[in-house]
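This report describes one protein model, from its overall contacts to a single residue. Please keep the structure in view while reading.

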Amino acid sequence: MMAKPKIAVVPLWDDEKESIWMVPGYMDGIRDAGGIRNLTIT
């Protein structure tokens, strides 16, 4: 059995709104492809 790939994702920073964001559906796409998602905020 093949292990699921682990994919770390770093969100983008919006200076104007002082917040992080991700492209809509990006994390769902990783899950749907069989990956294990990990959102990393530094």
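## Contacts along the chain

Among contacts in the protein that join residues at least 6 apart in sequence, 45% are between residues at least 24 apart. The model is a predicted one.

## Secondary structure and dimensions

The protein contains 1 helix and 4 strands.

The C-alpha trace spans about 45 × 20 × 5 Å along its principal axes.

## Burial and surface

How many of the residues count as buried? Of the 42 residues of the protein, 12% fall in that class.

The protein has an accessible surface of about 3800 Å². Carbon and sulfur atoms account for 58% of this surface.

The protein carries 5 positive and 6 negative charges. The mean position of the positive charges lies 16 Å apart from that of the negative charges.

## Glu18

Where is Glu18 placed? Glu18 belongs to the loop that links β2 (12-14) with β3 (19-21).

Is Glu18 buried or exposed? Its relative accessible area is 63%, and because the exposed class begins over 50%, Glu18 counts as exposed.

Glu18 and Lys6 are 12 residues apart along the chain, and a distance of 28 Å separates their C-alpha atoms.

Terms used
Residues are numbered from 1 along each chain as its sequence is written. This is a predicted model: local features need pLDDT of at least 70, side-chain atom pairs count only at pLDDT 80 or more; totals for chains, interfaces and linings use all residues. Side-chain values use heavy atoms; hydrogens and water are left out. Helices (H or I, at least four residues) and strands (E, at least two) are DSSP runs, numbered from the N terminus. Buried means under 20% relative accessible area, exposed over 50%, partly exposed in between (1.4 Å probe, protein chains only). Contact means heavy atoms within 4.5 Å. Accessible areas come from the Shrake-Rupley method with a 1.4 Å probe; for residues, only the protein chains shown count as cover. Lys and Arg count as positive and Asp and Glu as negative; His and the chain ends are not counted. The place of a charge is taken as NZ of Lys, CZ of Arg, CG of Asp or CD of Glu.
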